[in-house]
Amino acid sequence: MGKDLIQKSLKDSLFTGIIALALFGPIVGLRTVAKNEVLVVEPKWFVVLLIVAFCALGRFFINIYTYKKEQRRGEPSSLGKAISNFLDEKGAQIAIAAIAFSIIFPFMPFADRYWMDIAIMMMTYIMLGWGLNIVIGLAGLLDLGYVAFYAVGAYSYALFAIHFGWSFWICLPIAGVFAGLFGILLGFPVLRLRGDYLAIVTLAFGEMIRILLLNWYELTKGPDGLTGIPRPSFFGLPFKRYPDEGVETFHTFFGLEYDPMQRIIFLYYLILVLALITNAFTIKIRRLPVGRAWEALREDEIACKSLGVNPRNTKLTAFAIGAMFGGFAGSFFATRQAFISPESFTFIESAIIVAIVVLGGMGSQTGVVLSTIFLIGLIEVFRDFESYRMVAFGGAMVLIMIFRPRGILAKRKPTITMGKHG
Amino acid sequence: MEYFLQQLINGVTLGSVYGLIAIGYTMVYGIIGMINFAHGDIFMVGAFVALISFILFALTGISLPIVLILVLLIAMVFTACYGWTVEKLAYKPLRKSFRLAPLISALGMSIVLQNYVQAAQGARIKTLQPVIQGGFNFFKESEFVVTLSYLQIFIVLVTIVLMAIFTLLITRTALGRAQRACEQDRTMTALMGINVDRTISMTFIIGSSLASVAGVMFVMYYGVIDFYIGFLAGIKAFTAAVLGGIGSIPGAMLGGLLIGLIETFWSGYISIEYKDIAAFTTLVIVLIFFPTGFLGKPDIEKV
């Protein structure tokens, strides 16, 4: 028995090695390098050898291991199940603790510029994830072009702020409304389509918006991007070391020393508030008729139609509201960066946001937070290995789909139940 | 008139490339009902394998026809390995999962392939010296000389030959029969003693090798590739598959041809900056007004 197993495993791992050689031999082993403007091939056999050996040995041990496991027949250990049970029991306390932690976070001793930047970035993604969660998680529409609304929000904020000089608090709702209108505009023709067709069409729309931004030079300055977007002010008090004559700034008003961190901390709280508004809105709307209609539509469209729910209008509201929150996040992005260009709104951004929502467990608000921390953290950890980090990111998407296809927090709490004895 | 003719020639050449990629989309959709998002990147891998083998063969001094055949075969074999592995790793475990899981997994695979090639081969664009040069010139006395290059003839000829072989494979062989049976009812096919897993694997292998041929042609035709070409080519080929009616193999070829023509005429007569918009707009219009495409079967939703 044991001998047979080892022989079988050896054969299998030999096969794996051959496949690995075929996969990595040409692409990794023969790197094309330009020398004097002519491409030559630079062999890298050692790396290939390492990878092939790794694959073959890995396969061998997996074979042995799974065989033993099959014999033991233990019940599958499920980390996610444990997490979601824990969150179910202590959900409210954890949420309060998390919010409290995020409020005191900027005053932690380790929260320097680097950590604050990461925190702001994560908050932005959490907000985008919560916004997209309305579309994907609640209404069940896979939108692969969400970044288009993010871009519309960012560009409309930037254009209004630059050309009219309006303040952040006026431009923010305008940007949200613009993005929402775009959501209706794009959603109207395509929402009849089925799941995966809808995904591809929204992807196409996202790319169209990007191409438009890239080529409409008069309005968007094309690939050069828009510069000099006004920084946000603290209700009229700018964050500047040397303000214009007679203008009171944040630090003089509160009698503080000037510190560039003040602006960063303000931005952090700004995005925190925006994100929490998104979250509160989603939690609230799930209990309203329209939210219930979204979730019902996600489960069974035909049943909904027969009960008099208009699928198109219901989907449109989800699309428009999701787009609006994307637009809010976009204006925050524009004011934080003070510079935007079509480069920031590529398809990969949409993919990241979709990954956050789906991997978190569609429809789960806490899941979005967990998967943002996991995925953005993953990208940050691999920052020094520039081109490998996206490989790790894509690999994580595939792995989570295989091991937990419903996402990290798969359990969905129904918003309405029949009551205890019902 | 001459200009129109030139656009027509270019469009048919481009359409052949898209058509070959579109077959992969349509076959996979037909058999397991998922959009293989990573297919465009499989095509990109094929183009890279072709580029590397062209560079290597240039050192040996083998005569051109043999080199072409060898490069085509090498690209097909190595790229097929990629298609097979992607299916085994990312799609097979998800076959019984919920609807969007394979799509997300495919999205992840596409990101992996793109960045893996970028890491292994570098982010810079790669240029290949022209392999086949020269061609026929028509209307030499008029202002606009129409050129039909040998390369274009080669591309269209190879496409026609491959399509013929492929059609025979689907209609006349046991494998083709098994494939068509799997498209109709996988459980029933399995009960008839057909290895469904192997049939699906073969579908991916065939689709990937056709995409790799498209990759060989792409690298010869444009002479410039980078790790990102698979994204756009993939969307356009998918559009082609939808236009022809997804699931229908002649439809994919027809759709590819149409998309090639639409794109060339759009960039020839309207605007070259917005040429990608042409394909996207076509996709949207087709999906909204003829969701079944030209040769597709209507999709009936059952309760």
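The questions and answers below concern a predicted model.

Colleague: How many helices and strands does chain A have?

Modeller: Chain A is made up of 422 residues, and buried residues account for 40% of them. Among its contacts with a separation of 6 or more, 75% join residues 24 or more positions apart. The secondary structure of chain A comprises 16 helices and 4 strands.

Colleague: Is A:R298 buried, exposed or partly exposed?

Modeller: A:R298 lies in helix α11 of chain A, residues 289-299. A residue needs 20 or more other C-beta atoms within 10 Å to be buried, and 12 or fewer to be exposed. A:R298 has 19 such atoms within 10 Å, so the class is partly exposed.

Colleague: How do the residues on the side of chain A that touches chain B divide by class?

Modeller: The contact draws 43 residues from chain A and 52 residues from chain B. On the side of chain A, the elements that each supply at least two residues include α1 (2-29), β1 (30-35), β2 (38-43) and α16 (386-403). By class, the residues on that side are 34 nonpolar, 6 polar and 3 charged.

Colleague: How far apart are the end C-alpha atoms of helix α8 of chain B?

Modeller: Helix α8(B) covers residues 196-222, and its 27 residues should span 39 Å at 1.5 Å a residue. Of these residues, 21 are buried, so the helix is largely enclosed by the rest of the structure. Just after α8(B), B:G223 takes a positive phi of about 75°.

Colleague: Are α3(B) and α8(B) parallel, antiparallel, perpendicular or oblique to each other?

Modeller: The axes of α3(B), residues 64-91, and α8(B) come within 7 Å and cross at roughly 135°. An angle over 145 degrees would count as roughly antiparallel, and one of 65 to 115 as roughly perpendicular. The two helices, α3(B) and α8(B), are therefore oblique.

Colleague: What is the handedness of that crossing, and how many nonpolar, polar and charged residues form the contact?

Modeller: The crossing of α3(B) and α8(B) is right-handed. The contact includes B:W84 and B:E87 of α3(B), and B:F204 and B:I205 of α8(B). By class, the residues of this contact are 13 nonpolar, 8 polar and 1 charged.

Colleague: How is α1(B) oriented relative to α9(B)?

Modeller: Helix α1(B), residues 2-32, and helix α9(B), residues 229-244, pack with their axes 8 Å apart at an angle of about 70°. Angles of 65 to 115 degrees count as roughly perpendicular. The orientation of α1(B) to α9(B) is therefore roughly perpendicular.

Colleague: Which residues of α9(B) meet α1(B)?

Modeller: In α9(B), 15 of the 16 residues are buried, so this helix is largely enclosed by the rest of the structure. Its contact with α1(B) has 9 nonpolar, 2 polar and 1 charged residues. B:Y18, B:G19, B:I21, B:A22, B:Y25 and B:T26 of α1(B) meet, in α9(B), B:A233, B:K236, B:A237, B:F238, B:A240 and B:A241.

Definitions and conventions: Residues are numbered from 1 along each chain as its sequence is written. Chains are lettered from A and ligands numbered from 1 in the order in which they are written. This is a predicted model: local features need pLDDT of at least 70, side-chain atom pairs count only at pLDDT 80 or more; totals for chains, interfaces and linings use all residues. The expected span of a helix is 1.5 Å times one less than its number of residues. Axes are lines fitted to C-alpha atoms, for helices over the stretch in contact, and angles run from 0 to 180 degrees between N-to-C directions. Angles under 35 degrees count as roughly parallel, over 145 as roughly antiparallel, 65 to 115 as roughly perpendicular and the rest as oblique. A crossing is left-handed if the near helix is turned anticlockwise from the far one by less than a right angle, and right-handed if clockwise. Two residues are in contact if their C-beta atoms, placed from the backbone, lie within 7 Å. Ala, Val, Leu, Ile, Met, Phe, Trp, Tyr, Cys and Pro count as nonpolar, Asp, Glu, Lys and Arg as charged, and the others, Gly among them, as polar.
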